[in-house]
Amino acid sequence: MTNDNMSPIKKVTGTKLLQVVGMGLMIEGLICGQSLNSKLLQKASFVPKSNFVLDQLIEVAQHYQISMGIEWIGRPVPTVSASSKNRPTTVRSLVATILRPYPGYRLKVADGAVQIANQAFVDSPKNFLNIRISEFKVDKASMVGAVASLRLGIKMALHPDRYANGYNGGYGGYFPADVLNIPNITFSGRNLTVRQILNKSVAANGNALWVDVSTLQER
């Protein structure tokens, strides 16, 4: 049974988070050591092969070993890559060039990751990435474990009455990408948004990125 009076954000469940992370974790065996800002300022010699903006951003993140979070509204359409005459000089300018055909989308460094979002919707109360988790903590967790903890945190934030008497922990599933199972994520915080937790998780893991593709109605 559904409740028609339920707020739009409460209609979002942990299932969507699984879809976001499932799409977003594109692994290329990233190498840690170089700071995020220095990666963005290095010379851009790479040209994405895809004509689709999300794939282009993912290619850039993989090539330059950048932890990234991407929020996208609607279905991306093909674009023409930058010509050699207007080749971006830095990785940051390369990302800006990719985003140029899409008004409102900006690059921002936040919580150790490059965040791509449409500024008109990023702070919307209907954006499930703005759900706040009262308390979140992971200690030597893998990416899989951190996501499972976040999924539980979302459910508890949206439906606290269901967890008034506690909950059964644990998670299952088969994840063949070994880098997602490396227990290298440790951080804690209060009143963090879903976005902040995802950013902190992929930054700590160093081998992942996340993507959220939503419709305007979901926002």
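**Close-up views of a predicted model**

**View 1. Helices H5 and H6 are roughly antiparallel to each other.** In this predicted model, the axes of H5 (residues 143-158) and H6 (residues 194-205) come within 10 Å and cross at roughly 170 degrees. Because angles over 145 degrees count as roughly antiparallel, the pair falls in that class. From H5, the residues that take part in the contact are Met 143, Ala 146, Leu 150 and Ile 154. On the H6 side they are Val 194, Ile 197, Leu 198, Ser 201, Val 202 and Asn 205. Sorted by class, eight residues of this contact are nonpolar and two are polar, with no charged residues.

**View 2. The protein chain has six helices and six strands.** Read from the N terminus, the order of elements is α-α-α-β-α-β-β-β-α-β-α-β. The chain has 219 residues, and 47% of them count as buried. Its accessible surface is about 11900 Å², with 52% belonging to carbon and sulfur atoms. Of the contacts between residues at least 6 apart in sequence, 74% join residues at least 24 apart.

**View 3. The largest nonpolar core has 28 residues.** Leu 57, Met 68, Ile 70, Trp 72 and Ile 116 are the residues with the most contacts inside this core. Two or more residues come from each of these elements: helices H2 (36-41), H3 (53-63) and H4 (91-99), and strands S1 (68-73), S2 (105-110), S3 (113-118) and S6 (209-214). H3 gives the most, with six residues. In soluble globular proteins, nonpolar side chains tend to be buried together.

**View 4. Ile 70 is in contact with residues from other parts of the sequence.** Neighbours within four places in sequence are left aside here. The contacts of Ile 70 are then Leu 54, Leu 57, Ile 58, Ile 116, Trp 210, Val 211 and Asp 212.

**View 5. Helix H3 is mostly covered.** Eight of the 11 residues of H3 are buried. They are Val 53, Leu 54, Gln 56, Leu 57, Ile 58, Glu 59, Val 60 and Ala 61. The cover over these buried residues includes S1, H4, S3 and S6. After H3 comes Gln 65, which has a positive phi, near 60 degrees.

Note on methods. Residues numbered from 1 in each chain as written. Predicted model: local features only at pLDDT ≥ 70, side-chain atom pairs only at ≥ 80, totals over all residues. Heavy atoms only, no water. Axes fitted to C-alpha atoms, helices over the stretch in contact; angles between N-to-C directions. Helix = DSSP H or I, 4+ residues; strand = E, 2+ residues; numbered from the N terminus. Parallel < 35°, antiparallel > 145°, perpendicular 65-115°, else oblique. Contact = heavy atoms within 4.5 Å. Nonpolar A, V, L, I, M, F, W, Y, C, P; charged D, E, K, R; others polar. Buried < 20%, exposed > 50% of the residue type's maximum accessible area, 1.4 Å probe, protein only. Areas by Shrake-Rupley, 256 points an atom, 1.4 Å probe, with all protein chains shown as cover. Core = buried A, V, L, I, M, F, W, Y, C linked by side-chain atoms within 4.5 Å.
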